[in-house]
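Thanks for coming. I will go through one structure and pick out a few places in it. Please have the sequence and the model open.

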Amino acid sequence: MSKPAYVPPKVWRPDAASGGQFASINRPVAGPTHDKDLPKGEQPLQLYSLATPNGVKVTIALEELLELGHAGAEYDAWLIRIGEGDQFSSGFVKVNPNSKIPALLDCSQEPPVRVFESGSILLYLAEKFGALLPTAPAARTECLNWLFWQMGAAPYLGGGFGHFYVYAPEKFEYAINRFTMEAKRQLDVLDRRLAESRYLGGEAYSIADIAVWPWYGQLVLGNLYGAAEFLAVHEYPNVQRWAQEIAQRNAVQRGTRVNRTWGDEASQVPERHSAADLNN
């Protein structure tokens, strides 16, 4: 016997637990739940994050900047355990009122500058150090086109496809079909672009690639949601070529380890305070 159709109430109230893996940290209000200051290290940049796709964007960018010789990009990476609600501390909310990782505090100036939202952090770092972002107006605009494409598209992949395919307490055909269709459409958008150019912004690697790769690159490489076969990623050869090339970059390999607390032990660097922390 099928369940009766859900009829939304006239006014929604959070009366029942939402269920699922993240039920304990989902709530319909903002602001801190407890008082706790954020730790601060000695490096110019203080990063508060976790090695989710959004968090990895920033650690990859920082490692790329360091590899380019920008000593001012040295950073302390502090672990924020989102499953335990660290993002709702008073200290974290002060840096990011949206209570999402990653959050960055630039302590190289006084007063320190807070930067939140991963796309904003990437753009801030690129402009601060004059790297990973073209300066010619047309090339810069194309790079930013893809950076902002990712910021708008990824919620459909993560909060849509990933949620209903992996994390939802029940599997719903309509939701999975709806977001699978959109995930594949997005992969096709990328594949068509990467048939035209080596990287998303053109022939130069940029913050556009750094933003997109942890989501769509890892997806086609089989490292996200375990959905490569389900999504038939072999249909996107240009995305695969691009994803594999970026995965070979030393800075990318380092950046994906920072603030990671799962998987192979050798891949985990829960906190990073100097380059030596990544030498093992």
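A residue is called buried when its relative accessible area is under 20%, exposed when that area is over 50%, and partly exposed in between. Keep in mind that this is a predicted model.

Let me start with Thr-59. Its relative accessible area is 1%, so Thr-59 is buried. Thr-59 belongs to helix H1, which covers residues 53-67. In that helix, 13 of the 15 residues are buried. From its first C-alpha to its last, H1 reaches 21 Å, close to the 21 Å expected at 1.5 Å a residue. After H1 comes Gly-69, with a positive phi near 100°.

What does Thr-59 touch, if we leave aside neighbours within four places in sequence? The contacts are Leu-47, Tyr-75, Gly-255, Val-258 and Asn-259. For Gly-255 there is a distance to quote: its backbone oxygen lies 2.8 Å from a polar atom of the Thr-59 side chain.

Next, Leu-278. This residue sits in the segment after helix H8, residues 250-255. Buried or exposed? Leu-278 has a relative accessible area of 7%, so it is buried. With neighbours within four places in sequence left out, Leu-278 is in contact with Glu-63, Arg-254, Arg-257, Val-258, Val-269 and Arg-272. Val-258 is therefore on the contact lists of both Thr-59 and Leu-278. His-163 is 115 residues from Leu-278 along the chain, and their C-alpha atoms are separated by 31 Å.

Now helix H4. Its 31 residues should span 45 Å at 1.5 Å a residue, and its end C-alpha atoms are 42 Å apart, which agrees. H4 does have a kink of about 35° at Ala-153, shortly before the proline Pro-155.

On to the aromatic rings. Ring pairs within the cut-off number 10. Take Tyr-167 and Tyr-225: the ring centres are 6.4 Å apart and the planes stand at 80°, so this pair is edge-to-face. Why does the pair tie together parts that are 58 residues apart in sequence? Because Tyr-167 lies in helix H4, residues 137-167, while Tyr-225 lies in the loop between helix H6 (207-220) and helix H7 (237-247). Tyr-167 is partly exposed, at 28% relative accessible area, and Tyr-225 counts as buried at 17%. Both belong to one aromatic cluster, together with Phe-161, Tyr-165 and Phe-230.

Two rings have a charged side chain over the face. Arg-249 lies over Tyr-205, 3.7 Å from the ring centre. Lys-128 lies over Phe-129, 5.7 Å from the ring centre.

Last, some backbone details. A cis peptide bond joins Ile-101 and Pro-102, with omega about 0°. Pro-102 is in the loop between helix H2 (90-95) and strand E3 (103-106). The bond from Glu-110 to Pro-111 is also cis, with omega near 0°, and Pro-111 is in the loop between E3 and strand E4 (113-116).

Which residues other than glycine have a positive phi? Among them are Glu-117, near 80°, and Ala-232, at about 50°. Glu-117 is in the loop between E4 and helix H3 (118-129), and it counts as partly exposed at 33% relative accessibility. Ala-232 lies in the loop between H6 and H7, and it is buried, with a relative accessible area of 14%.

How values were computed:
Residues numbered from 1 in each chain as written. Predicted model: local features only at pLDDT ≥ 70, side-chain atom pairs only at ≥ 80, totals over all residues. Heavy atoms only, no water. Phe/Tyr/Trp six-rings, centres within 6.5 Å; stacked < 30°, edge-to-face > 60°. Helix = DSSP H or I, 4+ residues; strand = E, 2+ residues; numbered from the N terminus. Buried < 20%, exposed > 50% of the residue type's maximum accessible area, 1.4 Å probe, protein only. Lys NZ or Arg CZ within 6 Å of the ring centre and 35° of its normal. Contact = heavy atoms within 4.5 Å. Expected span 1.5 Å × (residues − 1). Bend = angle between axes of the 7 residues up to and from the residue. Polar contact = N/O pair within 3.5 Å; in protein donor to acceptor, adjacent residues only side chain to side chain.
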